[in-house]
Amino acid sequence: MILVVGLPLYFLELALGQFASEGPITVWKISPAFTGTGVAMVTTSSMASIYFNVVVMYAMYYMFVSFVSLDGSVPWESCGNPWNTNSCRTELYPLLDGMDESNKTMTLFKELYNQPCVDRLLGNISDVYNSTFISTSNLTSAMIQNEITKSCKITYTSASAEYWQRYVLRLHESDGFEDLGGFSLKNTMCLFLTWLLIFVCLKKGIKSSGKVVYFTATFPYIILVVLMIRGLTLPGNEKGIAFYMTPDVPRLKDVKVWGDAASQVFYSLSVGFGGLLTLSSYNKFKNNCERDALLVTGLSCVGSILTGFTVFSILGFMAHTTNQDVENVVDQGPGLAFITYPEGIAKLPLSPLWAFLFFFMMFSMGMDTQFALMQTVMSGISDIFPRFLRHHKTAFTAFCCLLGFLLGLPMVTKGGINMLTLMDWYIASYNLLLVALAQLICVMCVYGVKQFREDIEMMIGHRPNPYWVINWVFLTPLSLLFLVIVSATQYSPAYYGDYKFPPWAEGIGWCIVVTPVAITLIVMVVQIYRLGPKNAFAPTTSWGPANQENRTGRYFVAVNVPNHE
């Protein structure tokens, strides 16, 4: 997905924004009929910023908790807290080396099964099997063992999982979408603080947020390497690494796997959200955006692989501790970051310090992402109403941040993780694929791949090689179209853990998907009606490099010089 979707789209968006020095809405002077594509990008970014800031808020909360625990231990390190259940377990299983088979069996039996449950079951076994019309004399040890396993086997949970589910979220106090429960005051206040920080940073402009990138681009790798080394020394890590590295070839037939890969690429590279167009518009015209595309996607790929070793070594340890399969240890979504990593950090010496550093890293990276999302939204809207909004930047920034806070409140209720999961499930869905496809159609088919290659040559000194052209014209659009069609035929409803979302919640999810696509089509119809079919699909007279000194070749416009003789 990186090679045929992520990298080609990343370079295309960088080149497009840098060439025209325009944001996600005004860059479509290249073909006004596709202005709705930019509006759809801004709409998607606005929805993503609402729920993503809730994830950033959780990182802030864990960072605060780690800081106040520096003199002791982190609260998710042990069981026995008021929020824990009897299923919470942090102890390792007994060492079986040196035991004979009978002792091994008895030891494991005591660890794996609820003894009172087993005693009741064995005492009433005749009644149990008579109810299924099987006589006691016909019972076998295998049948008895199967019934004990089904009824009395203990499913352990980790201390970090119960801290996340039962203390941070308090999910057990909610009945799903039907009853989200009351607001969590601690989460609400943290959410307000994150939006306040975003306002303070963005009111000074986009360039101020880029100063911390030198730190956030290197610091995460240091923390990840430390966690990986620690994870590889934990018992059971080999179980997780084997699960991570062993190919499951039949899964390649599951289109959802390919869809998840594409979703990961879109998120990790910020493709289709409009952020790349926004940020690249600030580049110097002669900047080598091809080199930037290769460098960023390469580092992203390496970072993902490194993160995989870190995560799955810790998941293997958790599976070993809780007697579960690796794939069942933790739910997908934000819980992975707030269960797996805390579990590994709790095993480090000076765990509160490492926890603080890790969540500070996560918080700062999340804030950088939020800066890009919010700047995309505000720049896009400001480009539509430049005369008014650019003169009231502070007030407009405050309004956007306040609106984002209010719209995020349902996600800090006790059942708010379900709403967050719903948005996460559908925002990076068909809409992103279709918007990216529309972008390719506009630039490659309507504007023309030959003209676009010439534009890139003006910036970097050479035309893109065949790899880029083959992907832009054939492989990338075909891959996107394939993913859209097959994903629709193998659609599965959203869920969180064992909770399946009700149909009306699924309806909300589909509204999230349809809205950006509908905007693209509606704006196209309006532009064709306003400008006529020919002008709607042709570049405007103002299309091209923003600075006169860069308008060479077919973009050259003679400037009249006053005669002072």
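Modeller: Helix α7 is followed by Arg170, whose phi is positive, near 55 degrees. Helices (H or I, at least four residues) and strands (E, at least two) are DSSP runs, numbered from the N terminus. The model is predicted, with local features requiring pLDDT of at least 70 and side-chain atom pairs pLDDT 80 or more, while totals for chains, interfaces and linings use all residues. Residues are numbered from 1 along each chain as its sequence is written, and side-chain values use heavy atoms, leaving out hydrogens and water.

Biologist: Is Arg170 buried, partly exposed or exposed?

Modeller: Arg170 lies in the loop between α7 and α8 (185–202). Buried means under 20% relative accessible area, exposed over 50%, and partly exposed in between (1.4 Å probe, protein chains only). Because its relative accessibility is 27%, Arg170 counts as partly exposed.

Biologist: How many residues of helix α7 are buried?

Modeller: Helix α7 spans residues 159–168 and is mostly covered. Among its buried residues are Tyr163, Trp164 and Val168. Of the 10 residues in α7, the number buried is eight.

Biologist: Which residues have the most contacts inside the largest nonpolar core?

Modeller: A nonpolar core is a set of buried Ala, Val, Leu, Ile, Met, Phe, Trp, Tyr and Cys residues joined through side-chain atoms within 4.5 Å. The largest one has 142 residues. Those with the most contacts inside it are Trp164, Phe338 and Phe452.

Biologist: Are α2 and α20 parallel or oblique to each other?

Modeller: Axes are lines fitted to C-alpha atoms, for helices over the stretch in contact, and angles run from 0 to 180 degrees between N-to-C directions. Helix α2 (residues 35–68) and helix α20 (residues 416–427) pack at an angle of about 135 degrees, with their axes 10 Å apart. Angles under 35 degrees count as roughly parallel, over 145 as roughly antiparallel, 65 to 115 as roughly perpendicular and the rest as oblique. The two helices, α2 and α20, are therefore oblique.

Biologist: Which residues of α20 meet α2?

Modeller: Contact means heavy atoms within 4.5 Å. On the α2 side, the residues include Thr44, Met47 and Tyr51. Those in α20 are Leu420, Met423, Asp424 and Ile427.
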